[in-house]
Structure formats: structure tokens, C-alpha cells
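Here are a few friendly notes to read with the model open beside you. Take the points one at a time and find each residue as you go.

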Amino acid sequence: MKVLVPIKRVIDYNVKARVKPDNSDVDLSNVKMAINPFCEIAVEEAVRLKEAGTATEVIAVSIGDKACQEQLRTALALGADKAVHIETGAKLESLHIAKLLAKVVEQESPELVILGKQSIDSDNNQTGQMLAALTKRAQGTFASKVVVEGDKVQVTREVDGGLQTVSLSLPAVVTTDLRLNEPRYASLPNIMKAKRKPLDVIAADSLGVNLAPRIELVKVEEPAKRSGGVVVESVEELVNKLKTEAKVIS
Amino acid sequence: MSVLVIAEHENGVLKPETAKVVAAATKIASDITVLIAGHNIAEAANHSAQIAGVQKVVAVDDASFEHQLAENTSELVVELASDFSHILFSASTTGKNIAPRVAALLDKSQISEIIDVIDADTFKRPIYAGNAIATVKSLDSQKVITVRASAFDAVETQAACDIEDRSQSIASQVSEFVSIEQTESERPELTAAPVVISGGRGMQNGENFALLNGIADKLGAAIGASRAAVDAGFVPNDMQVGQTGKIVAPNLYIAVGISGAIQHLAGMKDSKVIVAINRDPEAPIFQVADYGLVADLFDALPELEQAL
């Protein structure tokens, strides 16, 4: 079975995003970028399916400017077989991404598409669900366990209050939660080998998707700062302050 | 303009998030309809009808909606959608699962986790783990939105409005519910609790989380955890507070043995009062804490329990 893994280039998760002084957006110049952590988990799951003999081919795909080829090479070094770069300089919304991915799904017909549940930049948590809707496939979101059995996939989902298991008919779309697996590191020999793996570049404009914006970014601001707190000396003082000053306990 | 709010419920009990989503809806328009889909939901439908501002409740009680699977529930919402300019879901795991599917089926961009309504087209939402607040304007004719419940105060109750029972069955052809494993808890729900006490990696193991029980009992608090504590297997993952877990905004949040990584802060920094108990005076949590206590939690917790 063929597995498609969409990945996104985002700010490194350890970096604190800074808002531009003109409030037009977040400042990403000279900021360390990386594969979105949830996408890394998606790549790992696909590679594990291949190692288990369930998957035959793993295709990584990324949408964006040329720089995202760096993240595609990382996915190849982690074990993906080939990469597809959909090139565009446009700022895209989840719906646009899902429509472009639907075109790739049409071309490659993967039995399984594994995406991260959300990207840590826009924090939308939409693309996987939208792709499932557009390709009329079942969806297994926030997966912490994925078991492929014949023409079905059992997905254990992290939901409020516990874990829910659903059985989906293949082909299906799965989005990863943090506890699905622990992604591996790319070894140096694999990084070298990844340079020779195929990476196709497709112009986004050639796919016939209307990429006109539906959401306008009016402004981006710093969140309200919390006023500086105090350090108390003892538990007694703490309880006293919570009762008399903050009045949050009685 | 008219708003459709998708009710949040579990096992036939209406969840408090619904009244908070209605609060967001009232800032958009006064014509508000609640859709509740599930099985054996009569009581939850009645409760929905008593939320102030709700004009009408549409109740779809059918076994096919028992588990609110995204595949069939999204079809139901799309069928009703044409009468509404705004469709609002709670940004819970259920809402996040279904809303984008609805948006794509309607060919609309979705706006996630709004924390404020500026006008009927313009909303505020946090991005980059809450390190920036974006103001976004929807250019779509119809808006599909998820609402961060912790950012809105629940509205009052009213004399019940009309409930329209709609009989409909949509079985999903491609997905099937298998099982649910619910985490047992007698404490208030994390996202709704007025007080939350959370433990992190500093708790050292799962047994030590029992140290939080006595304090939680005395304060009527829910117990949460950082991702480090969940990943280390100390506690189940539905206790996780943070960017990828639950977003809480209680009156009082007590962080014990939590360093305060940005991903954790994203889940709790809108709490009214934050208390940090940590051995490391340099821990980033102290930068957001209103009251910080630099102490070994194994000494401080029993003392705190006694002092309350």
C-alpha cells in the first residue's frame, strides 16, 4: 500500500515567535525553521508501516516556497521513498492546502494519507479533516495508535475524556497526535542517501486550484503581558495572599 | 444574520462549553439556533433550550449519531447549513474533528479557536502557541468557526425555547465506532474547573500525583499535567494542559514541578491567578506566575494541604 505524508516547514518549536513592530505578522526572518513536530510523527508512522511490510511506498509532499525542499530532504532521510514539492510563494489557508493535496491524492492514489494534527504556527487543526472531506474519505484524527488490517484501519483517537477507537475503510486519512510514536533521528549516511532520492517539483498554479484568499490577516499583536508577580517565602504566606490579596480561595 | 451552534454533549449530558459558544454567538447575531445530534439526548436538548439567547433547538436523536462520527455528523450539519450565516462549534476534540470537514464540504475556509468577536466577519485568535494574537477577517459568505470556550463566559439561563425534533438517520459508510475508554474521574472537568492544580516532570512518578489529591479536594480543583508528565507515563494524556492538550482559564492555576515551556503556557496563561511551586528559581513559569514559591514540592505540598 502507498502512504502519502504531507509535511510543513514551520518555525522550530523551541523558538518563541516575535511579532513584527508594524503588527503585520510574525517575524520569521533569520528564525530557525524545521519540520512541524506533528508531521515528523506522521513520517515516522509511515516509515514504520513500511518497515512492518504494510506499506510499500512512502511519498512525502510539501507545499510552499523552495525552502521547504529542505524539510522534504529530511523526510527522505527519515525513510520516505520520494518527495513532491508543490511550489508556490502564496500564503495559503488550510482549505487551499487541502485542495492541492487532494490533487496529489488523485494522481498518486495512496491508500493512506497521514498528516500531523496541527501545525504549531497557525494552530489551525484543519487540513487533514478538509482533505478527508474533499476526497470523500473516512478520517481518524488525533491518532495515538494506527493498526492496518486488510482493507480497514483501526485508529485509536485521543479525545476529551479518554481514548476512542474507530474502524475506517481504506482509503482513509489519519492525523497524528503526539503520543503516536517517537520519531527517529536521521543518520548521516541516510542524509547523504536522501540527496539522491527523487524530488519532483510541481507548480501550484498548474494544478487548477483557486488560491484566492478567503481570510484576510488584519493584524498580529503581542498577547497581553501578565503583570510581574511576587515570590513568596513560605506556604503560609502563599495561602494568606491567595485568601486576602487575590481572593481566589476562601 | 443567523448563527447555528453545534451543541457539545457526552452520553446525553450537555457540556458547559455549549453555553460559552452561545456567548460567542450572541456577539455575532441575536438569531441563534442550537443543533444537537446524538442518541438519547432529550435531556441535553432541554438544557440547550434553556441557554439564554437560544431561539430554537433542533434535536436529531438517532442511533447513527450516537458517537458523533465526523463523517455522518458533518453531512447533517451541511444539510442544515444553508439557513445560517455562521456555524459555530466548540474547539473541543469533537468540534475540531467535525468543523473543518463541514467547512470543506461547504467550500469555505474555517477559522479556528476564536477568543473574541470583533464583528460578524472579524475575529481574534491565538497563533504560534499563543505567542501572538491574530485579528482575521473572513471574506467567505458563510463562516465556519470553532470557539475557544475558556475565552467566553457562559450565558445565563432562560425559559426554554422551542425544540424541533427532527428525525433523520445518516449512517457512515466508511467509518465505524469500535470502543471508548473513558478516564474515570470524580473531580470537576479540567476545562470547566474554577481551580486547577497541575503536576509536571518534577512530580517524579505517577504515585506522587496522589500528593495533589488532598489539595484538589479542599479547593474543589481539577488535576492537570504538563506534557512531560504525560509523556513520562505518570498520568493519562487527557490530563494534559497545553498547546496540544487542553486550554484552561480557571480562577486559580497551581503549577507544581512544571518548568513552564511555551507549549504548556499556551494552555494556561489566561488563568486569572497563577501560582508556581518549583525548586528552580530560574524556571520560566515564574515569569507568568502571580505568586511563586521556590521550594521542594515534596515539602511544600503537604504543608499546603494542611494550611488550606
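1. Let's start with a serine. S175(B) is buried, with a relative accessible area of 8%; the cut-off for that word is under 20%. Please keep in mind as you look that this is a predicted model. You will find S175(B) in strand β13 of chain B, which covers residues 175-182.

2. What do the side chains of S175(B) and E71(B) share? They are joined by a polar contact of 2.8 Å. The side chain of S175(B) also makes a polar contact, at 2.9 Å, with the side chain of S172(B). Setting aside neighbours within four places in sequence, S175(B) is in contact with L69(B) and E71(B), and also with A138(A), S167(A) and L168(A) from the other chain.

3. That brings us to the place where the chains meet. Chain B puts 82 residues into the contact and chain A puts in 77 residues. The area buried between them is about 6,700 Å², and carbon and sulfur atoms give 54% of it. On the chain B side, T93(B), Y128(B) and Y291(B) lose the most area to chain A, together 11% of what that side buries.

4. Q129(A) lies in helix α4, residues 127-134. Is Q129(A) buried or exposed? It counts as buried, because its relative accessibility is 0%. Its side chain has a polar contact of 3.1 Å with the side chain of N125(A), and it reaches the backbone oxygen of K96(B) at 2.8 Å. Not counting residues up to four places away in sequence, Q129(A) touches residues of both chains, including T141(A), F142(A), N97(B) and R101(B).

5. While you are looking at F142(A), notice its ring: the charged end of K117(A) sits over it, 5.8 Å from the centre. As for aromatic pairs, a search of the whole structure finds one over all chains.

6. Finally, turn to helix α8 of chain B, residues 297-307, where L297(B), A300(B), L301(B) and L304(B) are buried. Why are they on the same side of α8(B)? They cover an arc of only 100 degrees around the axis, so they share one side. An α-helix has 3.6 residues a turn, so residues three or four places apart point the same way. Among the elements that cover the buried residues of α8(B) are α6 (235-244) of chain A and β17 (273-278) of chain B. At the start of α8(B), a side-chain oxygen of D296(B) comes within 2.9 Å of the backbone nitrogen of F298(B).

Note on methods
Residues are numbered from 1 along each chain as its sequence is written. Chains are lettered from A and ligands numbered from 1 in the order in which they are written. This is a predicted model: local features need pLDDT of at least 70, side-chain atom pairs count only at pLDDT 80 or more; totals for chains, interfaces and linings use all residues. Side-chain values use heavy atoms; hydrogens and water are left out. Buried means under 20% relative accessible area, exposed over 50%, partly exposed in between (1.4 Å probe, protein chains only). Helices (H or I, at least four residues) and strands (E, at least two) are DSSP runs, numbered from the N terminus. The arc is that of the directions from the helix axis to the C-beta atoms. Contact means heavy atoms within 4.5 Å. A polar contact is a pair of N or O atoms within 3.5 Å; within protein, one must be able to donate a hydrogen and the other to accept it, and residues adjacent in sequence count only if both atoms are side-chain atoms. Rings of Phe, Tyr and Trp (its six-membered ring) pair if their centres lie within 6.5 Å; planes under 30 degrees apart count as stacked, over 60 as edge-to-face and the rest as tilted. A charge sits over a ring if NZ of Lys or CZ of Arg is within 6 Å of the ring centre and within 35 degrees of the ring normal. Buried area is the accessible area (1.4 Å probe) that two parts lose on being put together, summed over both.
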